[in-house]
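Trainee: I have a new structure open on my screen and would like to walk through it with you. Could we take it piece by piece?

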Amino acid sequence: MSTSFLLRNGKRVFSVIGGGCRGTDALSRVHFVSRRFIIDLSYSTHFMDFKGSSIPSSMKKLVVTKLSQNFRDAVALQTVPVPTPGDGDLLVRNRFVGINASDINYSAGRYDPSVKPPFDAGFEGIGEVVGLGLSASARYTIGDTVAYFADGTVPVPAVKPEFLTLLLSGATAYIAMKRLGDLVKGETVLVTAAAGGTGQFAVQFAKQAGCHVVGTCSSNEKAGFLKTIGCDRPINYTSEDLSTTLRKEYPQGLDVVYESIGGRMFDMAVNNLANEGRLIVIGFISVYQTATGVPTVKGGTLPMKLLQKSASVRGFFLPHFLSDYKEAMGSMMQMFAKGKLVCEVDCGDMAPEGRFMGLESVFRAVDYMYAGKNVGKVVVEVTPPSLDSKLWFALMGMHWNSQTNLMYVCTMKGTMKIQNLMYVCTLK
């Protein structure tokens with residue numbers, strides 16, 4: 001994560017979302033971004049400024065310096081030169097970045113053991129195009145607002161954190177429910193961590209499919225939020241026993257479970273599956289901060305339990321479903337524009353130390369998420385939008401640092417790699 005990014009042809013994704021308001025206007029113009037051709041940028045030698053803001057020669061970024069599941073131990077804030085966008089690159093001034101549970105898995109080296117430190121942290125971000133190469137100008141222009149995630153950039157009508165919630169969290173829920181959920185009207189669906197970044201979307205998509213939705217959460221505040229987005233039965237597991245409640249109120253079992261916690265929650269979900277039930281595993285956050293990151297489950301009896309109910313356990317990893325990504329984003333953007341989808345963001349306004357602002361606050365935002373305090377997706381605001389001279393830091397797949405300028409360069413190719421404060425995005 002950095003104050004500026006250079007997005008090139010690497011494979012990298014970023015995560016964290018800020019803001020806390022709900023809106024329906026931001027997506028309405030997603031397919032109608034204006035275009036003007038930019039003449040030359042001297043082939044990767046010069047930048048074009050956005051609204052006259054100067055692009056600094058250096059920036060700060062978050063770098064994984066050693067592998068560890070402890071984000072604070074693994075990541076360091078560094079000052080590096082601002083990278084220059086290539087012929088097919090976009091230079092993006094980042095304003096918001098999204099925080100994801102996977103940030104810790106990435107800093108621990110669990111996704112790709114061949115990648116060794118140092119490497120950049122971060123998964124997703126959103127901001128304005130302030131510079132671009134000649135080839136990139138065929139599709140983008142100075143002032144365009146874009147959100148970006150590992151495999152590409154998405155033009156958006158405005159720099160609003162709500163759009164960040166869709167890139168990773170929303171897409172995971174949308175595609176997993178559609179491809180693996182096989183939802184049928186009238187079925188009972190359980191969503192664990194339902195008030196979290198991706199859980200909020202799983203609840204809404206299940207409800208839209210005509211299902212009865214049950215959601216687990218850890219506070220009455222979260223239970224109240226779940227009711228506002230259509231959850232039929234929020235269950236605060238800190239005040240009532242989850243297993244007892246499920247056996248009593250849903251004796252026929254759960255048709256679909258959208259599961260992200262792991263461990264005992266996974267075992268509970270298996271025990272409460274209905275005949276032909278489907279358990280979708282999207283993660284197991286309860287053990288990400290452990291040395292192995294691998295959950296312990298009652299695997300010895302799993303085959304028998306599944307056989308007795310003709311049930312199934314289905315794993316979901318977003319990079320395996322990128323062919324569905326474009327359709328998912330288009331559909332969600334339309335729903336949001338029409339006011340049919342809530343994209344709740346949590347920028348830490350209620351956190352003890354206040355709103356997540358700047359790169360340094362990425363560490364705090366990660367701790368906040370793992371403490372289970374967030375309602376919606378956790379997002380970090382890199383810099384106040386009124387400061388034109390500063391570049392916004394935008395993604396951080398694993399966490400970022402807060403008080404500095406960020407810039408990203410996006411390569412239109414679709415893959416992004418965090419490199420310095422900037423990312424280079426290559427156009428396909």
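Trainee: Let me start with a detail: in strand 11, which residue is the bridge partner of threonine 216?

Mentor: Good place to begin, and keep in mind that this is a predicted model. Strand 10 covers residues 212-217 and is joined to strand 11 by 4 bridges, the two running parallel. Strand 11 spans 233-236, and the bridge partner there of threonine 216 is isoleucine 235.

Trainee: What is the strand order of the open sheet with 6 strands?

Mentor: The pairing in this sheet is parallel. Strand 11 and strand 14 (312-315) stand at the edges with a single partner strand each, so one side of each is left without a neighbour in the sheet. Neighbouring strands are turned by 15° against each other on average, direction ignored. Read across, the order is 11-10-9-12-13-14.

Trainee: Which strands does helix 7 touch as it packs on that sheet?

Mentor: Helix 7 takes in residues 264-271, and its direction makes about 155° with that of strand 13. The strands touched by helix 7 are strand 9 (188-191), strand 10, strand 12 (254-259), strand 13 (273-281) and strand 14.

Trainee: How many residues of helix 7 are buried?

Mentor: This helix is mostly covered. The buried residues are Met265, Phe266, Asp267, Met268, Ala269 and Val270. Out of the 8 residues in helix 7, the buried count is 6.

Trainee: At what angle to strand 13 does helix 8 run?

Mentor: Helix 8 is made of residues 302-309. It lies across strand 13 and strand 14. Its angle to strand 13 is about 130°.

Trainee: Back in strand 9, which residue stands opposite leucine 190 in strand 10?

Mentor: Strand 9 pairs with strand 10 in the parallel sense, over 4 bridges. From strand 9, Thr188 and Leu190 point one way while Val189 and Val191 point the other way, and all are buried.

Trainee: Now the helices: what is the handedness of the crossing of helix 3 and helix 4?

Mentor: Two packed helices are described by the angle between their axes and the distance between the axes. Here the axes of helix 3 (residues 161-181) and helix 4 (residues 199-208) come within 9 Å and cross at roughly 40°, which makes helix 3 oblique to helix 4. The handedness of this crossing is right-handed.

Trainee: Which residues in helix 4 do the residues of helix 3 meet?

Mentor: Start from the helix 3 side, where Thr165, Leu166, Ser169, Gly170, Ala173, Tyr174 and Met177 take part. On the helix 4 side, their partners are Phe201, Ala202, Phe205 and Ala206.

Trainee: Is alanine 176 buried or exposed?

Mentor: Alanine 176 lies in helix 3. Leaving aside neighbours within four places in sequence, alanine 176 is in contact with Gly181, Tyr258, Ile280 and Phe316. Its C-alpha atom is separated by 8.3 Å from that of leucine 318, a residue 142 residues away along the chain. The cut-off is under 20% relative accessible area, so at 0% relative accessibility alanine 176 counts as buried.

Trainee: How many Å apart in space are alanine 365 and isoleucine 99, C-alpha to C-alpha?

Mentor: Alanine 365 has its place in helix 10 (residues 361-370) and is buried, with a relative accessible area of 0%. Not counting residues up to four places away in sequence, alanine 365 touches Ile99, Phe356, Val378 and Val380. Although alanine 365 and isoleucine 99 are 266 residues apart in sequence, their C-alpha spacing is 7.2 Å.

Trainee: Finally, for the whole chain, what percentage of the residues count as buried?

Mentor: The chain holds 10 helices and 20 strands. Its accessible surface comes to about 16,500 Å², and 53% of that belongs to carbon and sulfur atoms. Of the 428 residues, the share that counts as buried is 61%.

Key
Residues numbered from 1 in each chain as written. Predicted model: local features only at pLDDT ≥ 70, side-chain atom pairs only at ≥ 80, totals over all residues. Heavy atoms only, no water. Buried < 20%, exposed > 50% of the residue type's maximum accessible area, 1.4 Å probe, protein only. Areas by Shrake-Rupley, 256 points an atom, 1.4 Å probe, with all protein chains shown as cover. Pairing = 2+ DSSP bridges. Axes fitted to C-alpha atoms, helices over the stretch in contact; angles between N-to-C directions. Contact = heavy atoms within 4.5 Å. Parallel < 35°, antiparallel > 145°, perpendicular 65-115°, else oblique. Left-handed = near helix turned anticlockwise from the far one by under 90°.
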